[in-house]
Amino acid sequence: MENSKFVFTGIVLKEGSSFSSLCLEVDVASEGENISEAKNNLMEAVSLYIESAIENNLPVLRQIPEEENPVQQYPEKIIEKFPLKINF
């Protein structure tokens, strides 16, 4: 089986004393005590989501609704926006 590479958009938000991370194209979130941990945890969560979606013949993409998108709702909380590269 040939490896696939997905590139999504990830964001990190400051929430209290921790950091939340979110993949905008698949509506998967995670968190961490620092930015690096939040990003790594998001990469793992998105990988697991993709694996599950493919195994269950479900669509991989499921966009965040605009009214819930933190880029639109809370732009001041966004610490970083980054390409989230997943090899599968």
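Modeller: Rings of Phe, Tyr and Trp (its six-membered ring) pair if their centres lie within 6.5 Å; planes under 30 degrees apart count as stacked, over 60 as edge-to-face and the rest as tilted. A search of the whole structure finds one such aromatic pair. The model is predicted, so local features need pLDDT of at least 70 and side-chain atom pairs count only at pLDDT 80 or more, while totals for chains, interfaces and linings use all residues. Residues are numbered from 1 along each chain as its sequence is written, and side-chain values use heavy atoms, with hydrogens and water left out.

Colleague: Why is the pair of Phe6 and Phe8 called stacked?

Modeller: The ring centres of Phe6 and Phe8 are 5.7 Å apart and the planes stand at 15°, so the pair is stacked.

Colleague: What makes Phe8 buried?

Modeller: Buried means under 20% relative accessible area, exposed over 50%, and partly exposed in between (1.4 Å probe, protein chains only). Phe8 has 6%, and is therefore buried.

Colleague: How do you know that the span of helix α1 agrees with its number of residues?

Modeller: Helices are DSSP runs (H or I, at least four residues), numbered from the N terminus. The expected span is 1.5 Å times one less than the number of residues. For the 21 residues of α1 (35-55) that gives 30 Å, and the end C-alpha atoms are 30 Å apart, which agrees.

Colleague: Which residues of α1 are buried, and why are they said to line one face?

Modeller: Ala38, Leu42, Val46, Tyr49, Ile50 and Ala53 are buried. Seen down the axis, the buried residues fall within an arc of 105°, so they line one face of α1. On the other side, Glu44, Leu48 and Glu55 are exposed.

Technical notes
Helices (H or I, at least four residues) and strands (E, at least two) are DSSP runs, numbered from the N terminus. The arc is that of the directions from the helix axis to the C-beta atoms.
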